[in-house]
Amino acid sequence: MRTLHLHRGRISLRLRTLRLGDDLSLTLTGGDKEHLGAVALAAPQPDRDGSATASVLTLPGHREDLLSRRLALRLAATLGIAVSVACGIHIDAPTPRELQDVEAMADELATLFLRQFPLSEKSAT
């Protein structure tokens, strides 16, 4: 398991990654209270170069569905493997800027992960 962290202002995010055979499971949490808000499962579409499809489950009242879906689609399409992203980020009374920061930080964490993801693991058996 690998863990990546980013901190900006009062927001701290953590991305945990775990290989499950050829597949990948990620957990993105942070803010004032880590929790489970949404889970996305994405798979590459081999007949469509560079694309993926995803399904999402979201707990009532939670808003992590779009973020978890976007990250799962990006990683599945890029890596060509099945990817799950569980996401739970709670920030007390966030400003619009902080909400934008969460989105940007999540993308930065995904980019950092992709840079560190060894090529040999992308097709591990």
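This is a short tour of a predicted model, stop by stop.

Before you start: residues are numbered from 1 along each chain as its sequence is written, and side-chain values use heavy atoms, with hydrogens and water left out. Local features need pLDDT of at least 70, side-chain atom pairs count only at pLDDT 80 or more, and totals for chains, interfaces and linings use all residues.

**Stop 1: the helix pair.** Select residues 65–79, helix α1, and residues 96–116, helix α2. Helices here are DSSP runs of H or I with at least four residues, strands are runs of E with at least two, and both are numbered from the N terminus. The two axes come within 11 Å and cross at roughly 20°. Axes are lines fitted to C-alpha atoms, for helices over the stretch in contact, and angles run from 0 to 180 degrees between N-to-C directions. The helices are therefore roughly parallel to each other (angles under 35 degrees). Now show the side chains in the contact (heavy atoms within 4.5 Å). From α1, pick residues including Leu-67, Leu-71 and Leu-75; from α2, residues including Ala-106, Ala-110 and Phe-113. The contact residues divide into nine nonpolar, two polar and four charged. Ala, Val, Leu, Ile, Met, Phe, Trp, Tyr, Cys and Pro count as nonpolar, Asp, Glu, Lys and Arg as charged, and the others, Gly among them, as polar.

**Stop 2: the core.** The largest nonpolar core has 33 residues. Such a core is a set of buried Ala, Val, Leu, Ile, Met, Phe, Trp, Tyr and Cys residues joined through side-chain atoms within 4.5 Å. Select Leu-13, Leu-24, Leu-28, Leu-67, Val-83, Ile-89 and Phe-113, the residues with the most contacts inside this core. Elements giving two or more residues to the core include β1 (2–8), β3 (23–31), α1 and α2. Zoom in on Leu-28: its contacts beyond four places in sequence include Leu-13, Leu-67, Ile-89 and Ala-106.

**Stop 3: Ala-40.** Find Ala-40 in strand β4. At 0% relative accessibility, Ala-40 counts as buried (under 20% relative accessible area, with exposed over 50% and partly exposed in between; 1.4 Å probe, protein chains only). Beyond four places in sequence, Ala-40 touches residues including Val-56, Ala-72 and Val-83.

**Stop 4: Ala-93.** Go to the loop between β6 (83–90) and α2. Phi of Ala-93 is near 45°, a positive value in a residue other than glycine. Ala-93 counts as exposed, at 68% relative accessibility.

**Stop 5: Gln-116.** Finish in helix α2. Gln-116 counts as partly exposed, at 42% relative accessibility. Leaving out residues up to four places away in sequence, Gln-116 touches Arg-2 and Leu-4.

Note on methods: Angles under 35 degrees count as roughly parallel, over 145 as roughly antiparallel, 65 to 115 as roughly perpendicular and the rest as oblique.
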